Amino acid sequence: MRDKSTLEEKTTHIRYLIVTMLFIASCFSYGDRIALSVGGVLMQKAMALSPSKMGLLFSGFGWAYVAGQLPSGGLLDRFGSKRVYGISIIIWSVCALLIGFAGYAPAAWAFSVIFGLRLLSGLAQSPVFPGNGRIVAAWFPTAERGRASSIFNASQYFSLFAFGGLFGWLTQNRGWQSCFWFIGIAGLVLALVWWKLVFNVTEHPMISRPEIDCIELGGGLVSVDSSRGPRRNPLTWATFKMLLSQRMLVGIYIGQFCINTLTTFFLTWFPSYLVKARHMTILQAGFAASLPALCGFAGGILGGVCSDGLLRRGFSLTFARKAPIIAGMLLSVTMIACNYTNVQALVMVLMSVAFFGKAFGALGWTVIADTSPKEFVGVNGGVFNLFGNLSTISTPWVIGVLVAKTGSFNDALIFVGLTALVAIFSYVVIVGEIKRLDFHLASPGGAS
């Protein structure tokens, strides 16, 4: 430990630097996915890939990402957030660089190599959001965690806004490989900054004693990565059985799968839709995709503000959480109307409204925080994220099959829009009252 005597009189705010790093790292994680989304338009043409095969390439990332969700939590707890997260950034950045070079390989095996690298990249990125949650729990007092979580969660919208136009320009002027080279090199630079700026709370060289006290007294788990730190409950089949026996949680899991289906569409097939169905150039599609993303960024912030505002006005927790979700999902259904117009501007307005609505209603992580048993907050979050990200496997493949079968995106938009209605059904009919659960694994048969 370094001498903090010179910092004793000054209260620092290093935790805001930490959440900024989480936001940037999460943006780069999503940027890696957007590189394939935008660059995939020319990649598909250059490699003569069918829509079904392109859908498989989009899905490959999701397979590994989902498979790594629960194991990544164990790695974070065992080796610490900084180390696991930092190595994750390095691995996915190297994978991105190699994908760019794989584009020059013989077509006979280039697809297999890229598919394998996408699997590895998905596995490498699986600790990102569990790591975000873990670091926020350590660095922020309870009263500030909601805002901190909303900041890193907004990265999924901001990244599409930030990288969509850039990757469109790179793809059109430098080839699709340049998208992966850019995100790979930038990711390696990010890894260096990560190792320089991110530390455990009590070990950070720039933090003051008053800030540590502020975090710890406010409920921050400042010792989470120390040998004296708290240990999470083990992830066992009994825990799974216990969680899945709760109707409310099952409804929340289903709702998250449906909501994440909308996100996956925008992160994978949306640029292809703009190019193939709306006849935009790749550059135009890249910049056009930024508009719905910006609306999503605004919707994500406003949804949380609206929900908290309803609580302050005396509405029940159930109403305060469900009302924005239902309203947001209803707005998302408007994307289906794109099938009935040829006016480009109207299409972009409808897509922007849909993405705003999706983000406005994306309160899943807030609901999980409201409902998780106190002994199983981490485990329940992992199960929740696993179910939600199953959509990263199913959605790209289903859309690819629909486009290949019909030669049109019309059925794909109907599919995505209808999942928003399923999310509403899940929250209204299955979830019921939103409340915190309280149970323990008292005996082998007591989990039901």
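Let's start inside the fold with Leu22: setting aside anything within four places in sequence, Leu22 is in contact with Tyr85, Asn132, Ile135, Val136, Phe152 and Trp194. Keep in mind that this is a predicted model. Leu22 sits in helix H1, and with a relative accessibility of 1% it counts as buried.

Is Ser155 buried or exposed? It is buried, with a relative accessible area of 0%. Beyond its neighbours within four places in sequence, Ser155 is in contact with Phe23, Ser26, Cys27, Tyr30 and Phe129.

Tyr30 comes up again when you follow H1 to its meeting with helix H12. H1 covers residues 14-46 and H12 covers residues 247-268; their axes come within 8 Å and cross at roughly 60°. Because of that angle, H1 and H12 are classed as oblique to each other. On the H1 side the meeting residues are Tyr30, Arg33, Ile34 and Ser37, and on the H12 side they are Phe266, Leu267 and Thr268. Sort the residues of this H1 and H12 contact by class and you get 4 nonpolar, 2 polar and 1 charged.

Now step back to the whole chain. Its secondary structure comes to 21 helices and 0 strands. Of the 448 residues in the chain, 55% are buried.

Among the elements, H21 has the highest mean pLDDT, at 94, while helix H7 (residues 142-153) has the lowest, at 69. Two stretches call for a separate look. Over residues 227-234 pLDDT stays under 50, and the model has 11 contacts beyond four places in sequence for them. Over residues 441-448 pLDDT also stays under 50, here with 12 contacts beyond four places in sequence.

Which way does helix H16 run relative to H21? Helix H16 (residues 317-332) and helix H21 (residues 410-431) pack at an angle of about 155°, with axes 8 Å apart. That angle makes H16 roughly antiparallel to H21. The crossing of H16 past H21 is left-handed. From H16 the contact uses Lys322, Ile325, Ile326, Met329, Leu330 and Ser332, and from H21 it uses Ala420, Ala423, Ile424, Tyr427, Val428 and Val431. By class, the residues of this contact of H16 with H21 split into 10 nonpolar, 1 polar and 1 charged.

H21 has another partner in helix H20, residues 391-406: the axes of H20 and H21 come within 8 Å and cross at roughly 150°. H20 and H21 are therefore roughly antiparallel to each other. Their crossing is right-handed, whereas H16 passes H21 in a left-handed one. Thr395, Val398, Ile399, Leu402 and Thr406 in H20 face Asp411, Ala412, Phe415 and Val416 in H21 as contact partners. The tally by class for H20 with H21 is 6 nonpolar, 2 polar and 1 charged.

Back on H16, have a look at Thr318, which has its place in that helix. At 18% relative accessibility, Thr318 counts as buried, since the cut-off is under 20%. Not counting residues up to four places away, Thr318 touches Gly432, Glu433 and Ile434. Thr318 and Gly432 are 114 residues apart in sequence, but 8.1 Å apart in space from C-alpha to C-alpha.

Finally, stop at a loop. Most residues other than glycine have a negative phi. His279 has a positive phi of about 60°, although it is not a glycine. Where is His279 found? His279 lies in the loop between helix H13 (270-276) and helix H14 (282-288). With a relative accessible area of 65%, His279 is exposed, whereas Leu22, where we began, is buried.

Definitions and conventions: Residues numbered from 1 in each chain as written. Predicted model: local features only at pLDDT ≥ 70, side-chain atom pairs only at ≥ 80, totals over all residues. Heavy atoms only, no water. Axes fitted to C-alpha atoms, helices over the stretch in contact; angles between N-to-C directions. Helix = DSSP H or I, 4+ residues; strand = E, 2+ residues; numbered from the N terminus. Parallel < 35°, antiparallel > 145°, perpendicular 65-115°, else oblique. Left-handed = near helix turned anticlockwise from the far one by under 90°. Contact = heavy atoms within 4.5 Å. Nonpolar A, V, L, I, M, F, W, Y, C, P; charged D, E, K, R; others polar. pLDDT = per-residue confidence, 0-100. Buried < 20%, exposed > 50% of the residue type's maximum accessible area, 1.4 Å probe, protein only.
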